[in-house]
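Subject: Structure for you to look at

Hi,

Here is the structure I promised to pass on. Have a look at it first, and then read my notes below.

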Amino acid sequence: MIRCVTWFAAMLFALPALAHKASDAYLTLERDRLSLHGQWDIALRDLDNAIQLDTNGDGDITWGEVRSRRSDIAAYALSRLQVSSAGERCALSPTEQLIDTHTDGTYAVIRFAGTCPQGGPTLALDYRLFEGLDPQHRGLLNFVEGAVSRSVVFSADAPHRIVGGDSGGWWSQFTTYANEGIWHIWTGFDHILFLLSLLLPAVLVRSRGIWLAGPSFRDSFIDVAKVVTAFTVAHSITLTLAALSIVALPSRWVESGIALSVVLAALNNLFPVVANGRWMAAFGFGLLHGFGFAGALQDLGLPTGSLALSLAAFNLGVESGQLAIVLVFLPLAFALRSTWTYRRLVFAGGSVAIAAIASVWLVERAFDVPLLDALAAVR
Amino acid sequence: MRNWRILLCVAALATLANSATGAPHVPEDDAVVLERLPEKGDPALAQLKRMRAELTRNPRNLERALAVARNALDAARTLGDPRFLGQAQAALAPWWLPEDVPAPALLLRATLKQSQHDFGGSINDLDRLLAAQPSFAQARLTRATVLGVVGRYADARRDCAALAGRSAAIVVAACDATPASLSGNSLDAYETLLRALEHPGGDADVREWALTLLAEIAARRSDATAADRHFRAALALDPRDAYLKGAYADFLLDQNRARDVVPLLRSDERNDGLLLRLALAEQRLPDESVSFARHKEDLAARFDAARRRGDSVHRREEARFRLAIEHDDRGALALARANWSVQREPADLRILLEAAQSAGDAETVKVATDWIAANRMEDVTRLVRAERTQ
């Protein structure tokens, strides 16, 4: 029997040879229409790093220590994972917590369930586990829907991913990327403000240094159409070039340039330099905005199999999102064009506000300083 | 009588194996130890943990951030544990992206980029640093090392030469030894370094480093007796150095001394690179076949895990694993070629050549032999021998 015991001891040490490994967490997410089920395996060692599991500081993490912090562990993890469907956040809540072993040690296993308020072809995921604590951390996601599963890796450089939709063929993929395009222009305030700055004067005419109400809807419409078309053509060109990696610009230049374009467009309303050729400005700066869209598309990750389709869908999404803005703006602006409110408050006041906001962006982006944070800190 | 005992033993083991691995479960007792943290019984790591906690409260404190990054880098190097690299990078986060950062932060950033195999980024940082402070000796030494790793021997030697008069003679000689020995001056490099080591005293870490380089040059020159002597002298100074142990294990494997590798690396299973050498030794030892099978499986799982997270820092080791253990010539060649496009140390050249020969890829063999010829690597005996046996 003694021999058995020594064997025992030898095998105990021999069982799994633990690896030294960079930090990974394993996330499985299953979707069935509006409901989600997930399991998230996170190394105890990494959790200790973030929220101090070794309460008595003896260098050993016991089950007692983990058990007493179960709700903290779940809260810490789940607050760093955002799942959204159709632009709305799905609520996630922990259901169970277990323990498991991986090649490099012991992991907490967090099981959770969730529901999404709205269905959609895709899920947008935002993964921020151990952000700021370990830039080398990776989240390895296995997304399961029906019989299809897909692997995605989250990192500090790529915390945002879109999953789903690629199971339903080209049409669902098309709608996925079109949705993302719409979503990007509606939430990308710099693009909207640029477009608005160019559109604000479209319902007015400038005569001997003052702005007057434009004479006809037709003229205003043509002016808007010229600006929007020029902007669209320009950013489609650069979006395509950048998405296909034919041209690449450093994102800091692009983002600063976009901020500058907004400042100039707004200032041009206050101190007109370009009056009738605004479509040319829309074209020139539109080239820059295209690189900006490409950056957003890169964050989503383009499927290599259907690159052209996804690119076209994303672009069409951007255009239709933009068209929706124009369709709301033009009739309203035209109706209000001869009022004091429009000319002083909306046109002049709006342009001042846009120029001010965009100047802050410009400084932030060009010098890489979070100005608004800094101002908040001074106060 | 004996038989049922063995049976009982096997049954008990099976139960144990089931409970130790496998499905997610709820431990039975609060007292069960689930994880032993690395700082257990290591005061330096416990200190590092306290420093990190302090830094979290004031992340822009440069002095503290530098101390944390330095200690974390040391820990990563000695233990071969990449989680500490993540901690070092986190400490440097406020100074990671901007171009203008204080010199010591830039130096650590470059060192960290090198460890992530971002050699281009590392050299960029060091170029900027040295343009501003040409007399910064540590930066110059680091750049010489990185330039050597990517095979830019002439540039590396220029940096080493610039250290003369600014650093100890042994540092200058050690800096120059590798690039000189790989570009047609191996005997000279060996003798210069040997002379520099004759002066006793000085920093033990530097002596250990110099002895390791000396051993490697001797091994490449096929002077096995001298190589073994230098390796053992270096190990006497630091028996825990993972790089040194790996280099010595490679030498022993080449000398058909697999038996000596096992005790050297038995307690280093956590380190992927060292586990690979251990498995390579066990492969040749019939009585280690059980251990070999387990380690082979472990390594496959670890390389798989690294691939899943998108890591490419282990390509050299994985190519060796595929070629020597899994006998997957094409897979090994693909990895060795991808690795060669990033790093060009003798070990990278060797796996490239060996994989190309096994896979019968004449074009890649030519890439390797052209490189040997272009750099006048007259002393890469093993490589040339390998080439002749083709």
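One thing before the details: this is a predicted model. I'll begin with the packing. The largest nonpolar core has 87 residues, and the members that touch the most others are Ala72(B), Ala88(B), Ala174(B), Leu193(B), Ala210(B) and Leu214(B). Helix α11 of chain B, residues 204-220, gives this core its largest share, nine residues. As a general background point, nonpolar side chains tend to be buried together in soluble globular proteins.

How far can you trust the coordinates? The model scores ipTM 0.84 and pTM 0.70. Chain B has a mean pLDDT of 89, with 91% of its residues at 70 or more. The stretch to watch is residues 4-21 of chain B, where the pLDDT is below 50; beyond near neighbours in sequence, this stretch has 11 contacts in the model. Where pLDDT is low, the predicted coordinates should not be read in detail.

Now to where the chains meet. Chain A puts 45 residues into the contact and chain B puts in 48. On the side of chain A that touches chain B, the elements giving two or more residues are α1 (2-14), α2 (44-51), β3 (60-62), α3 (63-68), β6 (91-102), β7 (105-115) and β9 (138-145). By class, that side of chain A has 22 nonpolar, 12 polar and 11 charged residues.

Within chain A, the domain assignment gives domain 1 (17-167) and domain 2 (171-378). Their C-alpha centres lie 37 Å apart.

Chain A also has an open sheet of four strands, in the order β5-β4-β8-β11, with antiparallel pairing. β5 (88-89) and β11 (160-163) stand at its edges with a single partner strand each, so one side of each has no neighbour in the sheet. Strand β4 (residues 81-85) of chain A pairs with β5(A) over two bridges, and Ser84(A) has Arg89(A) as its bridge partner there.

- Asp223(A) lies in helix α7 (residues 217-243) of chain A. Asp223(A) is buried, with 22 other C-beta atoms within 10 Å. Pro201(A) is 22 residues away from Asp223(A) in sequence and 9.3 Å away in space, C-alpha to C-alpha.
- Phe130(A) has a phi near 60 degrees, a positive value in a residue other than glycine. Phe130(A) is in the loop between β8 (123-127) and β9 of chain A, and is buried, with 26 other C-beta atoms within 10 Å.
- Arg376(B) is not a glycine either, but has a positive phi of about 50 degrees. Arg376(B) is in the loop between α20 (362-374) and α21 (381-388) of chain B, and counts as partly exposed, with 13 C-beta neighbours inside 10 Å.

Cheers

Conventions:
Residues numbered from 1 in each chain as written. Chains lettered and ligands numbered in written order. Predicted model: local features only at pLDDT ≥ 70, side-chain atom pairs only at ≥ 80, totals over all residues. Core = buried A, V, L, I, M, F, W, Y, C linked by C-beta atoms within 7 Å. Buried ≥ 20, exposed ≤ 12 C-beta atoms within 10 Å, placed from the backbone. pLDDT = per-residue confidence, 0-100. Contact = placed C-beta atoms within 7 Å. Pairing = 2+ DSSP bridges. Domains from an automatic or database assignment. Nonpolar A, V, L, I, M, F, W, Y, C, P; charged D, E, K, R; others polar.
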